[in-house]
Amino acid sequence: MSDVSSAEASVFMTHDVGLHARPSVALTKLAKSHGAAIELAQAADGPWIDAKSIVKVMAMKAPKDTTLYFRAEGEGADAAVADLVALVENDFGLDD
Amino acid sequence: MASEVRYSGQPASPGLAIGVVVVSDRIAAMARDVGSPDEEIAALKAAVASAAAAIGDLITRVEDTNPEGAAILEFQFAMLEDDALIEPAIARIANGSAADVAFAEVMDEMAADYEASGDDYFAARASDLRDLKERVVRALSGDDEDVLELPDNGVLIADDLTPSAFLSIQWRNGQAIALSTGSPTAHVAILARARDIPMAVGLGPIKAADGETAILDGEAGTLTLDPDAQTARRSRDRLAEQSRQSAADANQLAEPAITADGEPVEVHINIAGPAELDEIDPTICDGVGLVRTEFLFSNRDGLPDEDEQAAAYERILIWAKGKPVTIRTLDAGGDKPIAGYTLDGEGNPFLGLRGIRLSLARHAVFETQLRALVRAAPVGSLRIMVPMVSIPDEMTTVNRLVDGLVSDEGSRPAVGMMVEVPSAALTLERFTTDFVSIGSNDLTQYVMAASRDSSDVAALQDAADPAVLKLIAMTVDAAKRMGIPVSLCGDAAADPRVLPALLATGLRSISVVPSAVGRVKRIIRSWSAAQFRTEA
């Protein structure tokens with residue numbers, strides 16, 4: 001998977017309080033660990049924001065029960081999107 | 001020649017101070033030279049980096065003991081690391097703004113945007129943004145200190161003062177506070193009285209400059225700027241008299257509080273946290289009649305866990321050396337919001353979800369506190385006090401929760417209630433309670449239908465009103481019939497005007513701020529039932 005590629009996926013977020021401070025910290029940290037450019041939106045047609053920017057992720061104020069859309073471009077795009085979807089499915093690795 | 005200007009408001013904390021004006025809104029922006037746009041952008045980036053480093057250090061220090069707090073700091077840290085945070089400020093600087101002004105504006109707008117989200121969790125994070133703003137603005141002015149330093153005789157002038165801002169200042173005697181808005185019964189006024197810092201509120205818009213001479217009269221509720229020679233001399237005379245009086249009160253500290261007709265009165269102290277006890281000698285009081293636990297929960301990130309709470313409670317019990325310590329469970333809501341805990345936007349918060357109502361609605365937080373209290377109990381003589389009780393069911397529930405936490409009956413701390421809602425004062429016999437403590441501030445507010453945080457109805461906030469005194473007398477009588485201890489822990493007990501009337505109801509136990517102990521003992525020692533009847 002060292003090809004330069006692009007990937008897209010969506011995931012339904014059920015975390016109790018939505019994309020709040022701690023989930024946003026976890027999400028942007030994970031996004032930054034990937035080399036690919038990653039964007040996030042609350043609708044399939046955008047508007048898209050930089051998933052590595054906590055300022056912009058928090059500004060979305062995505063509440064609970066929102067579908068999050070990811071798209072990535074560049075090296076490891078597939079893995080980046082898969083990782084982020086898994087994070088959301090696991091409630092951001094938080095137990096509250 | 002200087003011409004004297006006088007502002008009249010309400011007294012909020014007694015005492016007189018003559019000093020120099022410090023206008024709080026200017027402190028952050030004080031003494032900063034504005035450079036070229038390039039220099040301002042570089043300065044902002046450096047300030048953000050230094051704020052991030054400071055928060056990084058803080059995270060390392062607290063992550064083991066306070067993971068909740070560390071998680072919130074991680075959010076602040078991530079915000080500071082994100083270049084997108086300063087992009088809009090950089091655009092404003094390029095258009096000619098100063099770095100601190102541009103950053104403060106952008107952060108205020110962002111905080112307002114979070115607050116407007118209609119989502120409690122996002123709204124509560126607005127306080128993080130303001131924290132960040134203040135931290136960065138402080139770093140820009142080259143002031144890394146976390147506390148605002150007032151000169152020894154500084155008279156702080158501000159629109160309003162939050163309890164956390166008050167607590168971040170290292171207060172010294174001789175300083176004073178003048179607020180344009182606010183109310184004598186707001187929380188910050190209670191803190192000012194406890195620290196013996198004269199304060200006047202509701203003064204209206206104040207036109208003052210740093211360094212001007214100011215006289216703050218906490219008894220009349222007035223602020224005088226640029227006083228003329230005669231006013232200044234009169235005030236200095238009164239100040240001298242005041243310090244003679246407090247020396248006389250200090251002599252009363254160690255004396256027992258016995259009325260002129262020989263009846264002993266218990267005098268306890270009200271405190272807002274263990275830190276206050278460092279300067280107090282436990283022999284001056286009969287115990288701690290009220291520990292406000294809100295301060296463990298506010299002015300911080302996240303809620304305190306059981307270990308942290310138990311440690312704080314144990315520290316107070318150790319200080320008391322076996323004397324009774326009455327710890328009130330979290331009394332948030334009303335004018336004491338806690339981010340992420342209390343409700344935002346209640347139409348009438350004093351009549352809303354506060355005190356025990358909120359505790360029972362936020363069960364996990366309440367149980368953690370009860371567990372910490374029960375755990376600390378063996379260290380001394382601990383009593384648990386429940387605020388804002390309105391119906392017997394609430395006490396039944398709390399008693400059941402405490403029963404579930406104690407292993408044997410012998411280790412069960414006494415569980416009592418505050419009487420501050422008229423329903424409890426009117427029908428105390430219905431309640432299952434080991435003791436009662438009258439909260440005269442809230443009781444007065446509810447009996448007189450006069451909000452504690454409104455300066456317009458401050459005159460109605462009178463604990464000496466016959467209606468309030470009648471309910472207090474009823475409560476004292478009912479408690480005696482029930483064979484349970486009764487005390488009073490509101491400001492009325494420290495008020496020289498009200499205390500004699502309280503003693504006349506038969507009340508023989510009070511709890512006051514530590515700075516008032518000498519004064520109330522002096523009043524008690526000169527009081528007798530016969531004398532009071534003659535004068536009344």
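1. In chain A, helix α1 (residues 21-32) and helix α3 (residues 77-89) pack with their axes 10 Å apart and at an angle of about 165°. Axes here are lines fitted to C-alpha atoms, for helices over the stretch in contact, and angles run from 0 to 180 degrees between N-to-C directions. α1(A) and α3(A) are therefore roughly antiparallel to each other; the classes are roughly parallel under 35 degrees, roughly antiparallel over 145, roughly perpendicular from 65 to 115, and oblique for the rest.

2. This is a predicted model, in which local features need pLDDT of at least 70, side-chain atom pairs count only at pLDDT 80 or more, and totals for chains, interfaces and linings use all residues. Residues are numbered from 1 along each chain as its sequence is written, and chains are lettered from A and ligands numbered from 1 in the order in which they are written.

3. A:A26, A:L27, A:L30 and A:A31 of α1(A) and A:D83, A:L84 and A:L87 of α3(A) make the contact, a contact being two C-beta atoms, placed from the backbone, within 7 Å. These residues divide into 6 nonpolar, no polar and 1 charged. Nonpolar covers Ala, Val, Leu, Ile, Met, Phe, Trp, Tyr, Cys and Pro, charged covers Asp, Glu, Lys and Arg, and the others, Gly among them, are polar.

4. In chain B, helix α16 (residues 440-448) packs on helix α17 (residues 466-482) at an angle of about 125°, the axes being 10 Å apart. That angle makes α16(B) oblique to α17(B). Their crossing is right-handed. α16(B) contributes B:L443, B:T444 and B:V447 to the contact, and α17(B) contributes B:A467, B:V468 and B:L471; the division is 5 nonpolar, 1 polar and no charged.

5. Between the chains, 14 residues of chain B are in contact with 12 residues of chain A. On the chain B side, α3 (67-81) and α6 (120-140) are the elements that give two or more residues, and α3(B) supplies the largest share, 6 residues. This side comprises 9 nonpolar, 1 polar and 4 charged residues.

6. Chain B as a whole has 20 helices and 16 strands, taken as DSSP runs numbered from the N terminus (helices H or I, at least four residues; strands E, at least two). Of its 536 residues, 47% count as buried, that is, with 20 or more other C-beta atoms within 10 Å of their own. Among contacts in chain B with a separation of 6 or more, 68% join residues 24 or more positions apart.

Methods:
Left-handed = near helix turned anticlockwise from the far one by under 90°. Buried ≥ 20, exposed ≤ 12 C-beta atoms within 10 Å, placed from the backbone.
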